[in-house]
Amino acid sequence: MTLIKNLGFQSVCIFIFLFSLMTLTRGSHLLSSISLPDASLVLFLIGGIYLKNIRFFIALFFLGLFIDFGAAALDPKLGFCLTKGYWGLIIAYASLWVCGYFLNKQKYLQKLSIFIPYVSIAVVVAFLISTQTYYLFSGRFGSPSLAESLLHGWEYLPQYFLSSFIYIGLFWLTQNIIIKNKIFSNLKKFKPL
């Protein structure tokens, strides 16, 4: 109970929500026959917006790690991306977390003309980091140079971007409805910290 008090009840509730969404959407999960697109990128962005404590970032990353390695243990075919390049996800997710933190700190969450470009850049940066660390360090492509590795993975960008922006759009609409709509006035305490 002391940990919840130290981290803040609101933050713990938001983390539990993010934890649940990651559990439901993380790629290669074995929880259901319905596979939702992976929401991990957006969950780290939202974490950066609402959660100040770095412990939440670490816990969310370890949840993804547990899901990925657990899925690979149950079905080895699902472990194809679990290489040395996997650790680039720490930097990719951190870039989204920092973007979320910046957007909240600068009060850009409701300014769609600023929010969308920043988030777009953050998603592309996360894509570049995650694909490049995979191609450079996975050992599956020999020893490519950075220039050679930049030629790979672009076919995944549209899906990566589209699924992220569906979730980002849902998040943006939801948080604006909660903040602006008087029907949800009792939930206003959940606006960004």
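**The whole chain**

Of the 193 residues of the protein chain, 43% count as buried, where buried means under 20% relative accessible area, exposed over 50%, and partly exposed in between (1.4 Å probe, protein chains only). This is a predicted model, in which local features need pLDDT of at least 70 and side-chain atom pairs count only at pLDDT 80 or more, while totals for chains, interfaces and linings use all residues. Residues are numbered from 1 along each chain as its sequence is written, and side-chain values use heavy atoms, with hydrogens and water left out.

Helices (H or I, at least four residues) and strands (E, at least two) are DSSP runs, numbered from the N terminus. The protein chain exposes about 11100 Å², of which carbon and sulfur atoms supply 71%; such areas come from the Shrake-Rupley method with a 1.4 Å probe, and for residues only the protein chains shown count as cover.

**The nonpolar core**

Next, select Phe44, Leu51, Leu60, Leu96, Phe115, Val119 and Ile168, the residues with the most contacts inside the largest nonpolar core, which has 46 residues. A nonpolar core is a set of buried Ala, Val, Leu, Ile, Met, Phe, Trp, Tyr and Cys residues joined through side-chain atoms within 4.5 Å. Which elements give two or more residues to this core? They are H2, H3, H4, H5, helix H6 (112-137) and H8. The largest share, 8 residues, comes from H3.

Centre the view on Phe44. Leaving aside neighbours within four places in sequence, Phe44 is in contact (heavy atoms within 4.5 Å) with Met22, Phe57, Leu60, Phe61, Tyr93, Leu96 and Trp97.

The structure holds 18 aromatic pairs. Rings of Phe, Tyr and Trp (its six-membered ring) pair if their centres lie within 6.5 Å; planes under 30 degrees apart count as stacked, over 60 as edge-to-face and the rest as tilted.

Why is the pair of Phe69 and Tyr86 edge-to-face? The ring centres are 5.8 Å apart and the planes stand at 85°, so the pair falls in that class. Phe69 lies in helix H4 (residues 54-74) and Tyr86 in the loop between H4 and helix H5 (88-105), so the pair ties together parts that are 17 residues apart in sequence. Tyr86 is buried, with a relative accessible area of 3%, whereas Phe69 is partly exposed at 38%.

**A salt bridge**

Remain in H4 and select Asp68 together with Arg26. Their side chains meet in a salt bridge (2.6 Å, N to O), that is, a side-chain nitrogen of Lys or Arg within 4 Å of a carboxyl oxygen of Asp or Glu. Arg26 lies in the loop between helix H2 (9-25) and helix H3 (40-50) and Asp68 in helix H4, so this pair ties together parts that are 42 residues apart in sequence. Are these two residues buried or exposed? Both Asp68 and Arg26 are buried.

**The last stop: Trp172**

Finally, select Trp172, which lies in helix H8 (residues 157-180). Trp172 counts as buried because its relative accessibility is 16%. Not counting residues up to four places away in sequence, Trp172 touches Leu109, Gln110, Leu112 and Phe115. Ile116 is 56 residues from Trp172 in sequence and 9.8 Å from it in space, C-alpha to C-alpha.
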